[in-house]
Structures are given as C-alpha cells and as structure tokens.
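Dear colleague,

Please find below the structure that I am handing over to you.

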Amino acid sequence: MSNQMPARVENIESLIRTIRGQRVMLDFDLARIFDVPTFRFNEAVKRNRERFPDDFLFQLTSEEHSNLISQIAISSSHGGRRKLPYAFTENGAIMAANVLNSPEAVRMSVFVVRAFVQMR
C-alpha cells in the first residue's frame with residue numbers, strides 16, 4: 001500500500017474548516033477525497049444515519065453556507081446543490097469512509113486522519 005497522496009487531493013489540511021468552533025470537512029470535499037460523487041456520498045451517510053451522532057455530523061445553516069461561499073470563493077451553484085452541505089468532524093469523516101467501504105475510501109481515510117491530527 002502506497003503512502004503517497006493522490007494528486008487530486010494535494011493538501012487535505014486546507015480542506016479542514018472551523019465551523020461552530022469545530023474542525024470539520026464538508027461533504028463535497030470528502031466525496032472528492034474518497035473518489036465518489038457527492039450525492040452518492042450523502043446517500044451512503046443517509047442510509048447509515050444511526051452511525052452519525054450530532055458530534056460526528058451537522059448540516060450547515062443558510063447563513064453558514066453563505067459565509068463559506070464568500071470566504072472561500074466557491075460558486076453558490078457548487079455541484080448544482082439543492083440542499084445545504086453537511087459538515088463532518090474528524091470522527092464523522094472516518095465513519096463516512098467506513099460506510100462507503102471502498103478500498104479507495106479506506107486508503108484515503110488515513111490521509112484525512114493525519115490531516116486532522118496535524119492541525120491539533
């Protein structure tokens with residue numbers, strides 16, 4: 001198993017944001033890291049919602065999403081979203097990799113954990 005990070009995710013630490021005083025990664029960033037479409041990623045989470053208590057996952061408010069758009073200059077139509085993004089804490093991000101249960105998600109979860117730890 002290679003310890004080298006794929007080119008599509010050059011710096012996972014830059015994808016970790018502080019929202020509501022917690023370090024989190026957003027659903028669309030995790031989906032990209034785990035190499036699945038965002039809607040499939042969120043479907044897997046929804047099917048396994050009991051694995052995601054409130055300290056693992058929360059949905060952004062409209063105000064939080066608007067602030068995020070202005071801070072990081074993402075398009076308001078990012079991925080053609082109809083729902084507000086979900087934010088995953090470190091534990092939530094790892095649980096998401098577990099529910100996806102793909103070799104790529106498991107492999108990339110190591111990089112996600114290392115990025116969160118590096119930010120401590």
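**Strand pairing**

Met25 has Phe88 as its bridge partner in β4. Please note that the model is a predicted one. The strands β2 and β4 run antiparallel to each other and are joined by two bridges.

**Aromatic rings**

Phe88 also takes part in a group of rings: Phe34, Phe41, Phe52 and Phe88 are linked into a cluster by ring pairs. The count of aromatic pairs comes to three. One of them joins Phe34 and Phe41, a tilted pair with 6.3 Å from centre to centre and 35° between the planes. Phe41 is buried, at a relative accessible area of 1%. For Phe41 and Phe88, the ring centres are 5.3 Å apart and the planes stand at 70°, so this pair counts as edge-to-face. Because Phe41 belongs to helix α2 and Phe88 to strand β4, the pair ties together parts separated by 47 residues in sequence. Phe34 is likewise buried, with a relative accessible area of 1%.

**Helices α4 and α5**

Which residues of helix α4 (residues 90–100) are buried? They are Glu90, Gly92, Ala93, Ala96, Ala97, Val99 and Leu100. Their cover includes β2 (22–26), α1 (27–33), α2 (38–47), β4 (86–88) and α5 (103–118). After α4 comes Asn101, which has a positive phi near 50°.

Helix α5 consists of 16 residues and spans 24 Å from its first C-alpha to its last, close to the 22 Å expected at 1.5 Å a residue. Its buried residues are Ala105, Met108, Ser109, Phe111, Val112, Ala115 and Phe116. The elements covering them include β2, α1, β4 and α4.

Leaving aside residues up to four places away in sequence, Val112 touches Ile12, Met25, Leu30, Ile33, Phe34 and Ala93. Between Val112 and Leu30 there are 82 residues of separation in sequence, while their C-alpha atoms are 8.8 Å apart in space.

Yours sincerely

Definitions and conventions: Residues are numbered from 1 along each chain as its sequence is written. This is a predicted model: local features need pLDDT of at least 70, side-chain atom pairs count only at pLDDT 80 or more; totals for chains, interfaces and linings use all residues. Side-chain values use heavy atoms; hydrogens and water are left out. Buried means under 20% relative accessible area, exposed over 50%, partly exposed in between (1.4 Å probe, protein chains only). Helices (H or I, at least four residues) and strands (E, at least two) are DSSP runs, numbered from the N terminus. Contact means heavy atoms within 4.5 Å. Two strands pair if DSSP finds at least two bridges between them. The expected span of a helix is 1.5 Å times one less than its number of residues. Rings of Phe, Tyr and Trp (its six-membered ring) pair if their centres lie within 6.5 Å; planes under 30 degrees apart count as stacked, over 60 as edge-to-face and the rest as tilted.
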